[in-house]
Amino acid sequence: SRSALWSGLYTHVTKSWNNYKGLERGYPTWAVQLANAGYETKIIGKQDYTSGSHSVSNRVEAWTRAVNFTLRQEGRPTSVLVGNGTTKRVTGDWHLVDEATNWLTTTAANITDKPFLLYVGLNLPHPYGTPQEGENAGGSTFRTSPYWLKSVDSNRVTIPTWLDLSQFHPVDYYESATKNCTSNFTRDEIFKVRQYYYAMCAETDAMLGTIVDALDRIGRANDTYVFFSSDHGEMAMEHRQFYKMAMYEASSHVPLVATGPGVQPMLVQNLTQLVDIFPTFMDIAGINHPHGLNGSSLMPFIQPNLHEKNIDRPDYILSQYHGCNMNMSGYLLRTGNYKYVAYGNGPSQVRPHLFDLSTDPDELSDLSLKMQT
């Protein structure tokens, strides 16, 4: 997903198959294109889209996933409360926010002869690593403080419905097993994972707000576009999983929020995808799109009064995953309310998923089973 975000191209085009195999260093990303067009650019924090930038374990797990046995790869999801009612800085990401606000107030504030780009890659609300799992452990710890828990309305924290393990799709069972989620969980354990995750989202929101406040202090809030999105979601115990690496909505349906000059408050229901970011940034900068981009500009949605509405935009979105914690590749195709997920690994095939999200938003009723019968 990060390679798709930075390149504007689908995974099968760039062959960025997993967390170890991404784009080659020096790839002409949108940040490179903007720098070449005269933008002052500042890149802070997590980027993680180039080959070799993840641990060797990601490489091994991705290429040995098709073995005929299941290896647990993650720690059991757990919730941890730290600090007290005044502890605001739980995550180390705050130092990235400090760096960003300092750059805005000391550098961007004095830029008068050219536009600027600031990218800040936060890790939160990604779960924290679990040290007892050893070196390069995955993130299975949901950590927050009482300060951020106060931001969560506990009455709105739901407990997801689980199918019986005997009813699991084979890929779902593999994912649940590798994520250490096939054992019993109490209702309180599930509730706290979800509650703490929402508190982590609240801390993330505060970090974004801190950066936007700095932009306002230097007088640039009204003429600067701000985009907020993510490379993946969080299962948060839906479908007996946590983490990502799944085609369910909790993992694949990420936020996309934009504001800027002329942008009116609205909710856009159209299907969009991360590859749309690249051409959108090119339109904002007035740069011709590089040939062959897979995405379409979002500017007709962001500024409908200034851009042609009848754009040549596909009526579907495509997502794919080839990495660890899934025992074969997954391909998601959505058009309208229908979501089709195919799985395969060379000659190995299993049945697909088909959901109608208008009547089954929790993705518990697989229409492919009914069609087979």
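Helix α10 gives way to G286, a residue with a positive phi, near 75°. The model is predicted, and this helix covers residues 277-285.

Which residues of α10 are buried? They are I277, F278, P279, T280, F281 and M282. Here buried means under 20% relative accessible area.

The partners are listed below.

Now the chain as a whole. It holds 12 helices and 11 strands. Of its 373 residues, 46% are buried. Take the contacts with a separation of 6 or more: 69% of them join residues 24 or more positions apart.

What radius of gyration does the chain have? The value is 21 Å. A compact globule of 373 residues would come out near 21 Å, so the chain agrees with that expectation. Along the principal axes, the C-alpha atoms fill a box of roughly 65 × 50 × 40 Å.

The surface comes next. Accessible area for the chain is about 18,500 Å². Carbon and sulfur atoms contribute 50% of that area.

The chain carries 30 positive and 36 negative charges.

Note on methods: Residues numbered from 1 in each chain as written. Predicted model: local features only at pLDDT ≥ 70, side-chain atom pairs only at ≥ 80, totals over all residues. Heavy atoms only, no water. Buried < 20%, exposed > 50% of the residue type's maximum accessible area, 1.4 Å probe, protein only. Helix = DSSP H or I, 4+ residues; strand = E, 2+ residues; numbered from the N terminus. Rg over C-alpha atoms; globule rule 2.2 N^0.38 Å. Contact = heavy atoms within 4.5 Å. Areas by Shrake-Rupley, 256 points an atom, 1.4 Å probe, with all protein chains shown as cover. Lys, Arg positive; Asp, Glu negative; His and termini not counted. Charge placed at Lys NZ, Arg CZ, Asp CG, Glu CD.
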